[in-house]
Each structure stands twice: as C-alpha cells, then as structure tokens.
Amino acid sequence: MQVIFKTMNLVNFKSHRDITVNFGERTDITGDNAEGKSTICEVPSYVFYGTDALGSKLDPSPITYAAEETKVSLLLEVDGKELMLGRSIKKNKTTYYVNDVPSKAGEFNEVVEKLFDKDLFLSLYNPSYFPSMHWEKQRSMLLQYVTSPVSKDVLKHMLDEQSKCLSGLLKKHSLEDIKKIHAENKTSLDKKYIAAQSRTKTLKEQLDQNAPTVALDSLKVEEAQLLKQIKEIEKITDSAGDTNRKINTLNTRIRSMLAEREQMKEDFQRLKDEEIQGSCRVCKQPLKDESLESAELEKQERIKKFKENYNAQVIQRKELEEELAKLEYIDVSEQIEKVRELERLRDPLLQEIRNHHQYEQLLSQVNQAQAEEDKTLQSLNESIFILDSVKAFKAKEAELQGEKVQALFDTLSVRLFEEQKNGEMKNTFEIELDNKPYRKLSTAEGIRAGLELRDVLSQQSELITPVFVDNAESITTFKQPIGQLIVSRVVAGQELKIEGVDAQ
C-alpha cells in the first residue's frame with residue numbers, strides 16, 4: 001500500500017494562523033529557527049493520533065495569539081483513492097472529520113487503524129521514532145517481517161552429534177520443553193551424583209581400612225594344616241575318651257555291686273536266722289506238723305534262691321572286674337592342651353579368612369556404588385550435553401536469524417542476541433553504524449541510519465508512506481528514501497518557505 005500526502009491545512013495551529021501545504025514528491029521546508037518548520041511536520045501525526053512525530057501527546061494551542069478554534073486537515077491518496085482526515089479543538093472539545101464529515105472518535109480511529117499500525121507509520125514517517133522505542137518493541141517490529149529459520153535448517157548447521165541428539169528429541173518435545181526437562185534432570189542428578197560420589201568414597205575408605213594383608217589362599221592352606229592336626233588329635237582323644245568312659249562305667253557298676261553284696265549278706269543272715277512260727281504268718285492259725293514242715297521247706301527254698309542270686313551277682317561282678325582289668329586309663333590332657341594351642345593359632349587365621357569374605361562383600365558394594373555413580377554421571381552428562389546442544393541450537397538459530405536480518409541492510413548492523421557467561425543467548429536489540437551504537441551517532445549519521453532502517457521496514461511491511469527528515473542542514477547528502485520526502489532545513493535569516501516539487 002502506498003500513502004501519499006496531497007494537501008494539508010493548518011488553522012490556528014501553534015505558531016501558524018492559517019497555512020496550506022501542497023506536497024510534492026519532494027517537499028522542502030526551509031527558514032530560520034522558530035519559523036515553525038518542525039510544527040508543520042508534526043501535523044500528520046497529530047491528525048492521525050493527536051501526538052507529535054515521536055508519539056508524545058501534542059498541545060496544538062496557539063502560542064503567541066488567541067483563537068477560539070484550532071483545526072487541521074490532511075488530504076491523503078491511498079493506493080490512488082483520496083481520503084480527507086482532520087480534527088479540530090474548540091473549547092477543549094475535539095471534533096473528528098472523515099472526508100469533511102464529522103465523526104465520532106471511535107469511527108475516526110477505526111479508519112486510521114485500517115490504514116496502518118501506529119508504531120509502523122511513525123517509524124516510516126519519522127526516522128527518529130523507531131530508535132526512540134524500547135528495544136524489545138524495536139526488535140519485535142523488525143522480526144515480525146523476518147521468519148525464524150526452521151529447525152531442520154538450524155540442525156544442518158550444527159555439529160553432527162548435537163544435531164542427531166536434538167533431531168530425535170524435537171520429534172516429541174519443543175526446544176523449550178527439552179530445556180525444561182533436562183534442566184530439571186540436571187538439578188536432580190547433580191545432587192544424586194554428589195551423594196553417589198560420597199557413598200563410593202566412604203565405601204572405598206572402608207575397603208582400604210579393611211584390606212587383608214595376607215593372601216586368602218595362603219591363609220586357607222595354613223588353616224587347613226592346623227585343622228588337620230586338630231582332627232588327628234581329636235581322633236586320639238575321642239578314642240581315649242571312649243575307653244576312659246568305659247572304665248568309669250565299669251568302676252561305677254562294680255562299686256554298686258559291691259555295695260549291693262554287703263546288703264545281700266545282711267539280708268541272707270536275717271533269712272537264716274528267721275524262726276518258723278507255730279502259727280501261719282498270714283492267717284495266724286496254729287500250724288500242724290505237716291504245715292510246720294512245709295513252712296520249713298519254703299524257707300529253705302527261699303535260702304536256695306537267695307544263694308543263686310548272690311552267686312550270679314558275684315559271677316557278673318567278677319566278669320566286670322576281669323573286663324576292667326583288661327582296660328587301661330589313657331591320660332589325654334597333653335593332647336587336649338595341644339588342641340587348645342592349635343585352636344589359638346587357628347582363630348586369627350579364621351578371622352583373617354572372615355575378613356577376606358567381608359572385604360569381598362565390601363568390594364562388591366564398592367563396585368555397585370561405583371556403577372551407580374558412573375550411571376548417574378552418564379545420565380548427568382547426557383542432560384548436560386542436551387542442554388549444551390539446546391544452547392548451540394539457539395546460538396545457531398540466532399546466528400542464522402541475524403544473517404537473515406542483516407541481509408536486509410546495506411550499511412547498518414543489527415544485533416539481535418548477546419551471549420551470556422553461561423552460554424545462554426539473551427535477546428537484545430542494537431542498531432550500529434560502523435560499529436557505533438545508534439545512541440552514539442552524530443546527527444548526520446543518525447539521519448542516514450534512520451533512513452536506511454525505515455526503508456527496510458517499508459520494504460518488509462509493503463507499506464510506502466512519506467518520510468520527514470528534520471535538521472537536514474546537518475547532512476550534505478543522503479540516499480533518496482522510499483516514498484515522498486519532506487525535508488526541513490534551517491536557513492539563517494530566511495522566513496518560512498515551503499516548496500513541493502514533483503518528479504520531472
């Protein structure tokens with residue numbers, strides 16, 4: 001879309017009582033200071049937005065005289081069609097006009113908004129407006145016309161390993177989500193890795209403290225030799241123990257039988273001395289001769305049985321005595337002491353063998369802890385690598401986007417990103433000319449930079465508007481910008497002069 005200024009009328013606008021400006025393809029506004037040159041150039045922005053050319057609220061009230069009403073109008077040509085816009089202030093009440101028809105503020109603003117965005121128009125009309133905006137707004141405005149490089153193009157320009165890593169992850173998650181996931185993983189794994197290192201270190205210290213000083217095979221051989229000697233001695237002591245136990249058993253039985261013999265002697269004497277009574281021992285009835293004889297026979301029978309029992313016991317005791325006589329008590333105290341001595345020698349060997357087993361268990365724990373530490377470190381390094389790849393992606397994306405933006409300019413440099421100490425790319429926006437930031441440019445350099453910048457915006461937005469160059473006396477030459485050119489130049493001692501020139 002192309003917008004052309006045709007005619008502009010000012011009535012009681014600041015220092016101008018009544019003036020008409022006829023614009024040409026180039027319009028030169030000259031005169032001494034305080035002749036109202038810049039005021040004329042503020043009128044278009046005032047008509048559209050009620051502001052000056054830098055977007056600040058503008059008071060159009062007459063400066064050196066009094067007037068009941070201030071009125072301005074601007075005749076535009078938009079893609080070949082004319083449009084008259086205007087506004088007036090009377091008694092602090094603003095009236096809006098569209099094609100000379102009074103309109104409500106909302107209707108008027110809707111017409112203007114359909115024409116162009118406010119920031120875009122002011123940036124195209126006044127080359128000083130764009131640099132006056134906050135850098136984020138400048139950046140956003142410029143980048144809205146420059147598409148970001150697609151992921152596959154960015155990946156092509158990265159290292160192979162980083163590209164392979166991210167290409168798979170980007171099929172499931174966005175770049176920001178990948179960063180969030182692995183930033184969280186890294187935080188968690190950092191703590192886990194520190195804990196794993198601490199555990200491994202503690203176990204290794206315990207392992208060093210419990211390291212055996214003698215080889216296990218040597219200990220087993222020595223312990224086996226001692227055990228063999230102990231078992232050989234125990235065979236002897238076990239055998240001797242059987243014999244000695246048998247001797248003790250025989251002695252006990254013989255002593256018991258001897259004591260029983262003495263008791264039997266007493267019992268036998270009482271049996272012999274027993275008298276036959278004249279009456280029955282049971283029923284107490286007097287016994288007759290036959291009964292007395294039977295009683296005597298019964299007594300003799302008991303004496304006989306007693307003798308038989310006694311003799312049998314004597315025979316048995318003599319057999320035990322004969323068996324005892326064949327046995328010899330074996331003294332194994334020396335052997336037992338030898339076993340105790342061997343056990344004393346064996347105990348430290350067994351403890352060392354147990355220490356070996358404990359060392360092996362501890363070594364297994366160390367290996368397990370080391371494996372867990374290595375696994376955690378591997379996971380941590382993977383997340384770090386992915387985060388570094390994300391940084392590299394953003395850096396390459398920024399580089400490629402910067403190249404696309406830079407390709408729009410001839411002499412200016414535009415910085416869109418700056419790298420932080422941690423390698424992250426931070427959004428920024430800086431316009432530079434010959435490595436000097438815009439804020440440090442001279443007036444002439446600032447005009448040239450502003451014109452190049454607004455031409456880029458004009459080309460990218462496909463909107464052509466008039467452009468106003470103020471303080472043109474400070475610059476000798478500059479490239480003809482896209483669209484109508486309005487130039488304001490100070491000429492000492494000259495009254496205000498406006499000349500519109502069309503192309504020949």
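**Note on aromatic pairs, ring-charge contacts and buried residues**

1. The charged end of R87 lies over the ring of Y46, 5.3 Å from the ring centre. A charge counts as sitting over a ring if NZ of Lys or CZ of Arg is within 6 Å of the ring centre and within 35 degrees of the ring normal. K71 is placed over the ring of Y97 in this way, with its charged end 4.6 Å from the centre.

2. The model is predicted: local features need pLDDT of at least 70 and side-chain atom pairs count only at pLDDT 80 or more, while totals for chains, interfaces and linings use all residues. Residues are numbered from 1 along each chain as its sequence is written, and side-chain values use heavy atoms, with hydrogens and water left out.

3. The structure contains 13 aromatic pairs. Rings of Phe, Tyr and Trp (its six-membered ring) pair if their centres lie within 6.5 Å; planes under 30 degrees apart are stacked, over 60 edge-to-face, and the rest tilted. F13 and Y46 form an edge-to-face pair, at 5.4 Å centre to centre and 65° between the planes. F13 belongs to strand 1 (residues 3-13) and Y46 to helix 1, so the pair ties together parts that are 33 residues apart in sequence. Helices (H or I, at least four residues) and strands (E, at least two) are DSSP runs, numbered from the N terminus. Both F13 and Y46 are buried, that is, under 20% relative accessible area, where exposed means over 50% and partly exposed lies in between (1.4 Å probe, protein chains only).

4. The pair F121 and Y125 is stacked, because its ring centres are 5.5 Å apart and its planes are at 10°. Both residues lie in helix 3 (residues 118-125), four residues apart, and are therefore separated by about one helical turn. F121 is buried at a relative accessible area of 0%, and Y125 is buried at 1%. Ring pairs join F121 and Y125 with F5, F23, F48, Y49, F116 and F468 in a cluster.

5. D52 is located in the loop between helix 1 (37-49) and strand 4 (69-78). D52 is buried yet has no salt bridge, and the nearest side chain of opposite charge, K14, is 7.4 Å away. A salt bridge requires a side-chain nitrogen of Lys or Arg within 4 Å of a carboxyl oxygen of Asp or Glu. For charge, Lys and Arg count as positive and Asp and Glu as negative; His and the chain ends are not counted.
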